[in-house]
Amino acid sequence: MLTEKQLQNFAELAVRVGANMQKGQEVVIRCDVNCQDFAHLIAQKAYEFGAKKVHMEWRDEKLDRINMLNATKDAICDIPKYQTELWNYFIDRKCCLISISAEDPNKYKGCDANKLSAYQIAFQTARQLFRNATMSNYLRWTIVSVPTPEWAKQVFPNDPVNVAVDKMWDAIARIMRLDTPDPTAAWRKHIETLVSRAKFLTEHNFEYIHMKNKTGTDLKVGLAEGHVWIAAEEDGQDGVPFTANMPTEEVFTAPHNRKIDGTVVNALPLVNNGNVIDDFSITFKDGKVVDYKAKIGYDALKGLLESDEGVLSLGEIALIGKNSPIAQSGILFYNTLFDENASCHLAFGASYPTTVKGGNDMTDEQLAARGMNQSIQHVDFMVGTKDIDIDGIGYDGKVVPIFRDGDWII
Ligand code: ZN
Ligand code: ZN
């Protein structure tokens with residue numbers, strides 16, 4: 001368990017380093033009802049640092065499950081208008097968004113995969129404007145996590161619940177650098193290292209990234225024309241920097257959605273909507289999935305890959321060394337925020353407009369011309385094994401080693 005001081009520091013990180021809330025700004029906290037104590041602590045911190053008003057967008061994952069099991073597909077896909085209006089209100093007010101992500105990995109276990117993916121499409125479609133506002137950095141946003149009993153039990157199944165929750169807090173304290181005297185300063189230093197790697201990669205302007213390992217990954221990922229590598233800190237459209245994921249260890253950019261060839265094998269399970277997909281491989285040709293296999297969760301993978309056209313290509317390639325604190329914890333968190341920071345990953349679906357120069361001012365057609373992928377989905381899956389080698393290949397064919405045996409060498 002964290003000390004009161006560490007909890008205060010954690011809430012401060014979310015407000016000041018994560019969303020980088022500015023004085024006089026309105027804040028939206030999105031949080032499940034089971035994490036209300038931490039949400040209230042963040043709300044209090046936000047006011048200490050000058051928030052104008054704090055809004056709560058309460059989620060209730062237990063009710064979500066009851067609805068998924070009992071409501072008809074039509075009923076569940078009927079997203080109420082007031083919901084969209086609320087999101088539009090947050091955009092109009094230029095709120096910053098702090099999400100507390102602590103989902104039960106088994107939230108939708110055993111639910112109808114068809115109903116689930118239909119719901120997901122309906123939900124994402126209704127939420128498109130709000131998602132555009134965050135993905136394009138019109139609104140500053142951040143995600144943090146705190147343990148819940150359901151989540152901790154999944155991560156440490158052999159421990160009694162209270163021990164499991166304590167172990168989760170310990171892990172999160174180390175990963176969030178809350179065990180250092182000044183976590184905000186520790187984060188600033190960490191962000192600097194990541195940003196300098198991103199700068200190196202952007203300056204090389206590689207045509208392809210080549211990933212290869214012994215488990216069968218041999219994939220060439222073309223990069224979007226005019227791509228920019230991004231790490232840790234981004235600028236909001238108002239020029240104010242923020243850190244979208246806390247923790248973050250990744251340096252990422254946009255693939256070219258017509259230039260991806262080869263096969264990739266997953267390194268960690270993919271948990272999508274509470275379904276675990278594992279032991280899978282995906283084969284691409286000319287930027288599109290042409291074949292896939294999965295020993296665990298094939299139907300869930302199939303449901304995902306049939307959800308729209310764009311999900312068959314990639315919207316993100318992200319590099320993370322095997323010595324990051326999350327990778328070193330050796331814990332599988334069943335939560336993307338942590339697991340994606342334990343391993344190099346790719347994402348099915350949408351690219352971030354911010355990963356191409358001037359992307360926020362481009363039309364969908366202009367983005368597509370650069371190779372930027374578009375989709376209602378954005379689903380990360382982990383591919384970075386301890387032995388992965390990664391090279392950058394320039395437009396002149398020159399090869400620059402980036403990773404050897406799973407870690408950075410630049
Ligand atoms: Zn990522
Ligand atoms: Zn991603």
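This is a predicted model: local features need pLDDT of at least 70, side-chain atom pairs count only at pLDDT 80 or more; totals for chains, interfaces and linings use all residues.

Helices H5 and H7 pack at an angle of about 30 degrees, and their axes are 9 Å apart. Because that angle falls under the cut-off of 35 degrees, H5 and H7 are roughly parallel to each other. The crossing in which H5 passes H7 is left-handed. On the H5 side the residues that meet H7 are Trp87, Asn88, Phe90 and Ile91, and on the H7 side they are Leu129, Phe130 and Ala133. Sorted by class, this contact has six nonpolar residues, one polar residue and no charged residues. The spacing of such residues along a helix can be read against a general rule: an α-helix has 3.6 residues a turn, so residues three or four places apart point the same way.

Helix H7 covers residues 128–135, and its buried residues are Phe130, Arg131, Ala133, Thr134 and Met135. What covers them? The cover includes strands S1, S3, S4 and S17 together with helices H5 and H6. Just after H7, Asn137 has a positive phi of about 65 degrees.

The axes of H3 (residues 61–70) and H6 (residues 113–126) come within 10 Å and cross at roughly 120 degrees. Angles of 65 to 115 degrees would count as roughly perpendicular, and those over 145 as roughly antiparallel. H3 and H6 are therefore oblique to each other. Their crossing is right-handed. Met68, Leu69 and Asn70 of H3 make the contact with Lys115, Leu116 and Tyr119 of H6. By class, four nonpolar residues, one polar residue and one charged residue take part in the contact of H3 with H6.

The next topic is the nonpolar cores. The largest nonpolar core has 95 residues, and the residues with the most contacts inside it are Phe10, Phe38, Ile42, Ile100, Leu319 and Phe348. Helix H9 (residues 161–175) supplies the largest share of this core, eight residues. Apart from this core lies another, of 21 residues, which includes Ile76, Cys95, Leu97 and Cys111. Phe38 shows what the contacts of one residue look like: leaving out residues up to four places away in sequence, Phe38 touches Leu7, Phe10, Ala11, Ile100, Val144 and Val146.

Ile29 lies in strand S1. Is Ile29 buried or exposed? Its relative accessibility is 0%, so Ile29 counts as buried. Beyond residues up to four places away in sequence, Ile29 touches Ala39, Ile42, Ala43, Val54, His55, Met56, Glu57, Ile98 and Ile100. Ile42 and Ile100 in that list are also among the residues with the most contacts inside the largest core. The C-alpha atoms of Ile29 and Val379 are separated by 23 Å, and these two residues are 350 residues apart along the chain.

Strand S13 leads on to the backbone exceptions. Most residues other than glycine have a negative phi, and most peptide bonds are trans. Asp286, in the loop between S13 and strand S14 (288–296), has a positive phi near 50 degrees. With a relative accessible area of 46%, Asp286 is partly exposed. Asn20 also has a positive phi, near 45 degrees, and its place is in the loop between helix H1 (4–18) and S1. At 19% relative accessibility, Asn20 counts as buried.

The remaining exception concerns a peptide bond. The bond from Met246 to Pro247 is cis, with omega near 10 degrees. Pro247 is found in the loop between strand S9 (241–242) and strand S10 (251–253).

Note on methods
Residues are numbered from 1 along each chain as its sequence is written. Chains are lettered from A and ligands numbered from 1 in the order in which they are written. Side-chain values use heavy atoms; hydrogens and water are left out. Axes are lines fitted to C-alpha atoms, for helices over the stretch in contact, and angles run from 0 to 180 degrees between N-to-C directions. Helices (H or I, at least four residues) and strands (E, at least two) are DSSP runs, numbered from the N terminus. A crossing is left-handed if the near helix is turned anticlockwise from the far one by less than a right angle, and right-handed if clockwise. Contact means heavy atoms within 4.5 Å. Ala, Val, Leu, Ile, Met, Phe, Trp, Tyr, Cys and Pro count as nonpolar, Asp, Glu, Lys and Arg as charged, and the others, Gly among them, as polar. A nonpolar core is a set of buried Ala, Val, Leu, Ile, Met, Phe, Trp, Tyr and Cys residues joined through side-chain atoms within 4.5 Å. Buried means under 20% relative accessible area, exposed over 50%, partly exposed in between (1.4 Å probe, protein chains only).
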